[in-house]
Amino acid sequence: MDKQKFSSPLSLRDVQIKDAFWKKEMELVRTEVIPYQWAALNDQVEGAAPSYCMHNFKAAGKQNEERREQGKEFREPVYTFRGFEALPEDPAHPEDDKFYGFVFQDSDFYKWIEAVGYSLTQHPDPELEKIADDAIQIVCAAQQDDGYLDTYYILNGKDKIFSNLKDNHELYCLGHLLEGAVAYYQATGKDQLLNTACRYADYVADYFGPEEGKCKGYPGHEIAEMALVRLYETTKNDKYLKLAKYFIDERGTRPYYFDQEHPEEVKKNPDGLRYEYNQAHLPVREQDEAVGHAVRAVYLYSGMADIARLSDDDKLFEACNTLWNNIVDKKLYITGGIGGTHIGEAFSFNYDLPNDTAYAETCASIGLVFFARRMLEMYPDSRYADVMEQALYNTVLSGMALDGKSFFYVNPLEVLPEACHKDERKFHVKDIRQKWFGCACCPPNLARTLSSVSSYAFTENDDTLFVHLYIGSDVKKKVNGQEVAVHIDSAFPWDGKVTVSVDGANVPLTLALRIPGWANSYTVSADSSEYTIKDGYLYITRTWKKDETLTLDFPMEIQVWNADPRVREDIGKAAVTRGPITYCLEEKDNGTDLHLLTLDWNAPAFVKDSVVAGEPVKEIVMHGYREELPAPKAGTLYRPIQKAEKKPVELNFIPYYTWANRGENEMSVWVRV
Ligand code: FUB
Ligand code: ZN
């Protein structure tokens with residue numbers, strides 16, 4: 001690894017997003033999602049499953065105040081396919097000293113406060129900050145004298161803490177607490193939540209580790225690894241880095257830690273690998289296939305990448321790269337989704353990418369974005385940024401309705417509404433976005449990701465500003481102690497023209513500008529002697545004068561794709577993209593029975609300005625055929641083969657992220673050719 005190339009995201013306070021496309025998303029998060037989620041966390045959304053999140057913090061705070069301990073009545077939560085959940089016996093009357101919801105319910109607040117922090121950097125809002133500050137008081141009041149903070153165990157019995165790391169998400173909640181606390185501190189300078197987070201992290205660091213007498217466990221749902229790194233980078237206390245590294249190094253080693261907790265697993269599979277679901281089947285440096293629960297996996301790989309960078313660990317970097325390649329070459333949907341099966345919300349086997357039963361959880365694509373950014377921090381190669389962009393503009397955005405009021409958890413590539421309602425194998429697939437979820441991991445995850453999108457767009461080192469995504473922004477970059485203002489203007493994702501203006505004050509600065517993988521050609525307003533190209537980035541170093549401008553153009557062409565023939569579901573089919581956007585067909589624009597359509601991919605196609613549910617987009621119009629259905633006749637389910645009757649039709653493709661915004665209807669990304 002070449003440390004010279006390392007870079008890190010800029011402070012959000014040094015980037016103001018101006019981009020019409022992303023600003024709209026961020027404004028939706030600020031004006032719709034954050035207030036709605038606050039209401040949801042307080043069980044104030046009519047018709048939505050109660051969250052109990054703030055209820056639990058209040059109950060834990062009350063117990064603290066009264067100096068009570070509830071060691072005696074530990075209630076094992078009920079297992080649902082998504083995790084363990086405790087519900088009130090009488091839903092109308094939850095008791096004010098009991099824990100309810102999923103064991104990881106605390107994390108919903110932590111994600112919310114993280115989104116609030118990011119949002120405040122772009123849009124100061126004293127009223128929201130006051131709500132957040134008050135909420136932080138409630139959360140901090142739940143912390144135990146010894147620093148422990150997880151309301152599930154505080155309310156159910158602290159004698160059981162860390163007794164089920166595999167399933168019960170304590171270290172996952174810790175991770176989200178650290179992320180939220182750092183974000184809020186960086187945004188506001190207020191450190192109350194950060195101090196609470198550090199105290200809990202200290203407690204955990206005393207509890208786990210290689211030293212004699214300490215627990216040798218690690219998270220069942222990863223995230224603490226990357227969050228501890230972030231805490232270390234914020235506080236410079238290397239205890240947190242050591243703990244993160246310990247969690248990474250210990251994972252999957254034999255004897256399996258989870259065997260101690262779950263002897264029943266040993267009996268089920270005494271000789272083979274266990275804990276693939278948690279990516280704890282092998283030491284991480286030996287893992288070469290992305291397996292198990294997809295969100296867990298990409299969160300782990302993000303933590304591995306962080307540790308590889310900070311400990312100069314080539315072997316770990318190689319493992320990250322191998323896992324990256326496995327995902328991108330064999331397990332990635334063309335929408336940037338990951339997770340081919342709802343069983344375990346997991347990766348399926350190589351090339352198994354079913355469209356209509358896909359899981360492709362919104363959180364999983366968010367995790368893929370985290371992983372990509374961390375790979376870019378170590379090694380600026382546009383192939384990481386290409387996937388980051390693909391995930392962001394497609395599956396991540398598809399997770400939220402265009403009005404910011406409803407969400408997808410699962411992001412299929414093909415939907416037949418009748419199947420969603422009647423076929424149990426597809427019950428996880430929804431054809432319209434939901435207001436909220438009992439397991440509400442995705443909406444707050446979206447909120448924190450969209451409101452911090454600039455941290456994926458740009459990274460920096462001493463003398464270089466890396467532009468990974470062309471998102472219109474005002475960036476302040478420090479070079480040799482002097483501030484350089486860089487303005488990026490673009491009409492992405494609809495037009496590939498980009499202007500980069502530097503207000504340089506005679507300071508030398510390198511701009512590393514990504515050449516998107518989808519661009520078959522490009523132009524740049526600089527002499528070729530002035531720049532070099534490496535790994536998909538154009539490097540241009542200048543002593544920038546005042547108001548110097550560079551223009552780039554990455555023509556966005558309509559592109560038609562086949563999948564690798566090993567992807568059985570897509571054989572004989574094509575998908576359409578333009579620039580970073582993946583397209584789909586919807587019944588609204590193409591009539592019912594999308595499976596009867598075929599695409600004539602050689603015929604002329606064109607792009608037109610259009611509007612989908614109020615969203616201005618570029619639509620793609622292509623030529624194709626519709627197979628005529630035979631006249632209904634009994635006994636003709638099967639018939640002697642004959643040439644299909646086909647009538648020429650226009651195929652109207654809309655951006656995938658805009659689907660399901662005009663009511664329930666069929667959708668398909670892949671179309672027969
Ligand atoms: O387990 C916590 C979160 O809930 C996961 O990341 C999601 O996949 C959902 O299962
Ligand atoms: Zn989720």
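Here is a short chat about the two ligands in this predicted model.

Residues are numbered from 1 along each chain as written, and ligands from 1 in the order written. Local features need pLDDT of at least 70, side-chain atom pairs count only at pLDDT 80 or more, and hydrogens and water are left out.

Me: What makes the arrangement around the zinc ion (ligand 2) tetrahedral?
Reply: Its four donor atoms subtend angles of 96 to 115 degrees. Four donors count as tetrahedral if all angles lie between 85 and 135 degrees, so this arrangement is tetrahedral.

Me: Which residues coordinate the zinc ion (ligand 2), and how do you know that they are donors?
Reply: Glu 361 (OE), Cys 363 (SG), Cys 441 (SG) and Cys 442 (SG) do, at 2.0 to 2.3 Å. Donors are N, O and S atoms within 2.8 Å of a metal like this one (3.2 Å for Na, K and Ca), so these atoms qualify.

Me: Why is the pair between Glu 345 and ligand 1 called a polar contact?
Reply: A polar side-chain atom of Glu 345 lies 2.6 Å from an oxygen atom of ligand 1. A polar contact is a pair of N or O atoms within 3.5 Å, so this pair counts. Glu 361 also has a side-chain N or O atom 2.7 Å from a ligand 1 oxygen, and for Tyr 409 the distance is 3.3 Å.

Note on methods:
A polar contact is a pair of N or O atoms within 3.5 Å; within protein, one must be able to donate a hydrogen and the other to accept it, and residues adjacent in sequence count only if both atoms are side-chain atoms. Four donors count as tetrahedral if all angles lie between 85 and 135 degrees; four count as square planar and six as octahedral if opposite donors are over 155 degrees apart and all others between 65 and 115; anything else is irregular.
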